[in-house]
Amino acid sequence: MRWRSGKSYALLATLNFVGFIIITCLVLSLTTFRRRLWCNALGSGRKRSSRRNHQSRFNQKLSQMVSRRRIPDILKAEDLLFSRLDDFRLKANMEQSSSQNLHLNHYSFGIIISAYAKCGDAVRAEKLLEEMERLSCSREDLKHLKPDTVKYTSCINAWAKSKKRGSAHKAERLLRRMEQNYYIKGDKLLKPNIKTYAAVIDAWAKNKERNPQVSGPRRAEDILGRMELRCSQGDKTVEPDIVIYNSVLNAWANCSHRERNVPQHAEAFLHRMINRFQEKKSNVIPDIYSYNILLKCWANSRNDLATSRCEDIFKMLKSLKSARANELHLRLNTVTYNTLLSAYLKTSNCSDYVVQRSNDLLSEMIKEANSGNVRVKPDKSTFKILREIRNNNMTFK
């Protein structure tokens with residue numbers, strides 16, 4: 001019995017020891033497995049972080065190169081961008097690289113396109129935009145280089161600032177491409193926003209083509225109509241603001257030498273703004289800049305009624321009480337006075353009444369400025385217009 005009992009205890013101890021060894025091995029294996037998983041995750045995280053750091057440093061370098069907004073500097077930055085792309089293509093052909101080793105992203109292209117836009121070099125900006133489109137379609141792992149709304153808007157801004165013939169047409173062509181891709185093909189990356197539409201309207205406002213078949217203000221109104229339509233359909237992201245409406249008004253003011261009845265069209269557009277506000281179709285109401293542009297339309301028209309109409313608008317604005325004017329953002333400023341003086345200057349006969357009226361306006365501006373209203377303080381343009389009025393008066397005498 002003792003022998004059997006001792007043998008049982010020995011067997012039990014052996015089994016316990018073997019079980020302990022097995023459990024210890026399992027615990028060590030699980031710990032090692034978890035440690036390897038953690039190291040792999042940490043390693044991949046470090047790689048992603050390193051890749052982001054490379055991209056960030058590269059983009060910072062591009063930003064520093066184009067900061068002076070000089071074309072030679074921008075060209076050097078573009079060469080650096082494409083040299084990085086060439087290195088990537090060489091390694092890709094040798095099957096040693098993927099897009100993760102590219103160390104640049106669509107922001108890198110955006111920096112160059114924005115720099116070209118600020119310099120007004122629309123041709124190079126659009127060429128780089130087309131290159132982004134081509135690269136994103138060339139390889140599956142370069143789809144992240146596909147241009148988005150920001151890149152297209154920068155390119156449209158470049159055409160708006162460009163002085164090349166047909167720049168407004170090319171700006172609207174890019175807008176139509178975006179609308180087609182978003183509203184028809186469903187490409188969410190190319191949804192036009194209010195800045196996109198504003199840039200195209202600004203391009204038409206600056207349009208100087210003398211083609212009678214192309215009316216910049218009417219094209220600007222068409223684009224505004226598309227914005228209003230989409231806003232009425234529920235897309236509040238493209239709801240026109242006062243800057244958009246004033247840009248359309250400015251398009252009318254800039255084409256007085258090419259269009260007929262420009263002041264009448266501008267007034268009709270202004271009344272359209274007021275009617276839409278009263279009908280609660282829009283939250284926008286004309287401000288002092290809107291009326292300044294309307295005064296500019298009349299002053300540049302050389303219409304026989306230009307001076308009297310400018311005086312009527314000026315008196316209407318002046319008749320508003322200060323509290324009401326502040327509420328509607330209709331307080332007179334220096335531009336308002338200067339535009340009325342410009343209308344006097346462009347009359348066919350600078351009579352003594354015109355000179356006296358101009359001097360009265362100057363005295364009124366000085367009085368208001370001395371009382372603390374710096375918004376109507378006379379500037380260099382004020383005194384220049386007054387000198388020309390007096391010189392014309394001396395010439396007619």
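The model is predicted, so local features need pLDDT of at least 70 and side-chain atom pairs count only at pLDDT 80 or more, while totals for chains, interfaces and linings use all residues. Residues are numbered from 1 along each chain as its sequence is written, and side-chain values use heavy atoms, with hydrogens and water left out.

In soluble globular proteins, nonpolar side chains tend to be buried together. Here the largest nonpolar core has 93 residues, and Phe109, Ile112 and Ile156 touch the most other members. A nonpolar core is a set of buried Ala, Val, Leu, Ile, Met, Phe, Trp, Tyr and Cys residues joined through side-chain atoms within 4.5 Å. Buried means under 20% relative accessible area, exposed means over 50%, and partly exposed lies in between (1.4 Å probe, protein chains only). Helix α11, residues 288–301, gives the most to this core, with eight residues. Helices are DSSP runs of H or I with at least four residues, strands are runs of E with at least two, and both are numbered from the N terminus.

Now for the aromatic rings. A pair of them is described by the distance of the centres and the angle of the planes. Rings of Phe, Tyr and Trp (its six-membered ring) pair if their centres lie within 6.5 Å; planes under 30 degrees apart count as stacked, over 60 as edge-to-face and the rest as tilted. By this rule there are three aromatic pairs. In one of them, tyrosine 245 and phenylalanine 269 have ring centres 6.0 Å apart and planes at 40 degrees, so the pair is tilted. Tyrosine 245 belongs to helix α9 (residues 242–253) and phenylalanine 269 to helix α10 (residues 262–278), so the pair ties together parts that are 24 residues apart in sequence. Both tyrosine 245 and phenylalanine 269 are buried.

Phenylalanine 314 and tyrosine 337 also form a pair, this one edge-to-face, with 5.1 Å from centre to centre and 75 degrees between the planes. This pair links distant parts of the chain, 23 residues apart: phenylalanine 314 is in helix α12 (residues 306–319) and tyrosine 337 in helix α14 (residues 334–345). Phenylalanine 314 is buried at 1% relative accessible area, and tyrosine 337 is buried at 2%.

The charged end of arginine 230 sits over the ring of tyrosine 183, 4.2 Å from its centre. The rule asks for NZ of Lys or CZ of Arg within 6 Å of the ring centre and within 35 degrees of the ring normal. Arginine 84 lies over the face of phenylalanine 58, at 4.3 Å from the ring centre.

What does the side chain of glutamate 172 make a polar contact with? Its partner is the side chain of tryptophan 204, at 2.9 Å. A polar contact is a pair of N or O atoms within 3.5 Å; within protein, one must be able to donate a hydrogen and the other to accept it, and residues adjacent in sequence count only if both atoms are side-chain atoms. Glutamate 172 is found in helix α6 (residues 167–184) and is buried, at 3% relative accessibility.

Finally, asparagine 105 lies in the loop between α2 (71–93) and α3 (106–119). Asparagine 105 is buried, with a relative accessible area of 12%. Asparagine 105 and lysine 146 are 41 residues apart in sequence, yet 9.5 Å apart in space, C-alpha to C-alpha.
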